[in-house]
Amino acid sequence: QPLYRVHGYGNTAPYNFGSLTKEYTLIATNLRYRLLPYIYSLAYLVRYDSYTMQRGLMFDFYGDVNIYSRANNENNEFMFGPCLLIAPLFDDSNGTNVYLPTQQQSDIWWDFWSGETLHAAQTVALKNVPLHQIPIYVKGGSILILAPIVQYATELKWDVLEVRVYGGADASFILFEDDFVTANTVESGQFTLISFNYQHSTQQLVIGDRIGSYASMIPQRIFNVTLVAQQHGIGVNVTSNPTKSVLYHGKSVTINL
C-alpha cells in the first residue's frame, strides 16, 4: 500500500507478539519498501491517469470467462497494479486455490518467491504455504523496479535500483520520481519519467531518455538488471548477481540480456 500503518488499541508494534510475528512482519515490511518505485509510479497513474492500483481480475482479464467463476468463488485474489497477482490466505490450513488468468493462450506467470513459471488459465492448488510468503505471481512480460531495503522511505537515495525482467512476453514500465515531499510536483513540472521497454524475442531491454527534472534529482545511478529465472531474481532480498549492471546518465541505453 502507499501508506503503511499498524492499527489497533494499545501497543500494536509487531515485536510485542513474539519472535515469529516480528520476523514475518519484517519480511512483509521489507517487501513493501522494496516495491516503493512500483507503488509510487502507480500512485502517479492513479492521480493523473485515473488508474486503479488494487484491482479485480476483470479489469485486466475481462476476456477470460473463468475469472467470473473460479477466481471470484474460490478465493480473494486481486491484481496489485499491472504486474502482481496477490492471493492472500484466509484458511488456517495455510492452503488456497489460485486461478492464473489469461489474455492469450501463451501467457505465463512467475512465482515471485521461486522463479518457477506456470501456464495461465489454470488453478494452482497451494498447500502448506509458509507463513512468511504471501502467494504472489508476476505476469509474464513484466518489469519490476525495486528499491534498496530501508528503515524508512527516504533513508537511502535511489542511486542503485534493481530491475527485474520477467520474460514470456514484451514488457514496459514507466518509473515516476519527484522529491517525495513537495506537493503538486507534476503541476509545477518538478518530476521525471524513465521508460523501460523489454522485447521478449530479442531479450533486449531499452531504458529510455529521462524526461523532466527536479532540484534533488539523482543525475546518474546504477540499474542492476536481472532476467528472472528459477531461483534467480526472486523474493524480497536484493539479487546479489544481476544479469547486467549499467550506469545510467539519463540517456537511452540498450541492454542485451
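**Helix packing and ring contacts in a predicted model**

Author: In this predicted model, helix α1 (residues 19-34) packs against helix α2 (residues 36-49) at an angle of about 55°, and their axes are 5 Å apart.

Reader: What makes the pair of Y38 and F80 edge-to-face?

Author: Planes over 60 degrees apart count as edge-to-face, provided that the ring centres lie within 6.5 Å; for Y38 and F80 the values are 65° between the planes and 6.2 Å centre to centre, and the pair is accordingly edge-to-face. Y38 belongs to helix α2 and F80 to strand β2 (residues 78-80), so the pair ties together parts that are 42 residues apart in sequence. Both Y38 and F80 are buried.

Reader: Which residues do ring pairs link into a cluster?

Author: The structure holds 14 aromatic pairs, and ring pairs link Y40, Y44, Y48, W158, F176, F180 and F191 into a cluster.

Reader: How do you know that the charged end of R47 sits over the ring of Y48?

Author: One requirement is that CZ of Arg be within 6 Å of the ring centre, another that it be within 35 degrees of the ring normal; the charged end of R47 is 4.5 Å from the centre of the Y48 ring and sits over that ring. Likewise, the charged end of R32 sits over the ring of Y33, 4.9 Å from its centre.

Key:
Residues are numbered from 1 along each chain as its sequence is written. This is a predicted model: local features need pLDDT of at least 70, side-chain atom pairs count only at pLDDT 80 or more; totals for chains, interfaces and linings use all residues. Side-chain values use heavy atoms; hydrogens and water are left out. Axes are lines fitted to C-alpha atoms, for helices over the stretch in contact, and angles run from 0 to 180 degrees between N-to-C directions. Helices (H or I, at least four residues) and strands (E, at least two) are DSSP runs, numbered from the N terminus. Rings of Phe, Tyr and Trp (its six-membered ring) pair if their centres lie within 6.5 Å; planes under 30 degrees apart count as stacked, over 60 as edge-to-face and the rest as tilted. Buried means under 20% relative accessible area, exposed over 50%, partly exposed in between (1.4 Å probe, protein chains only).
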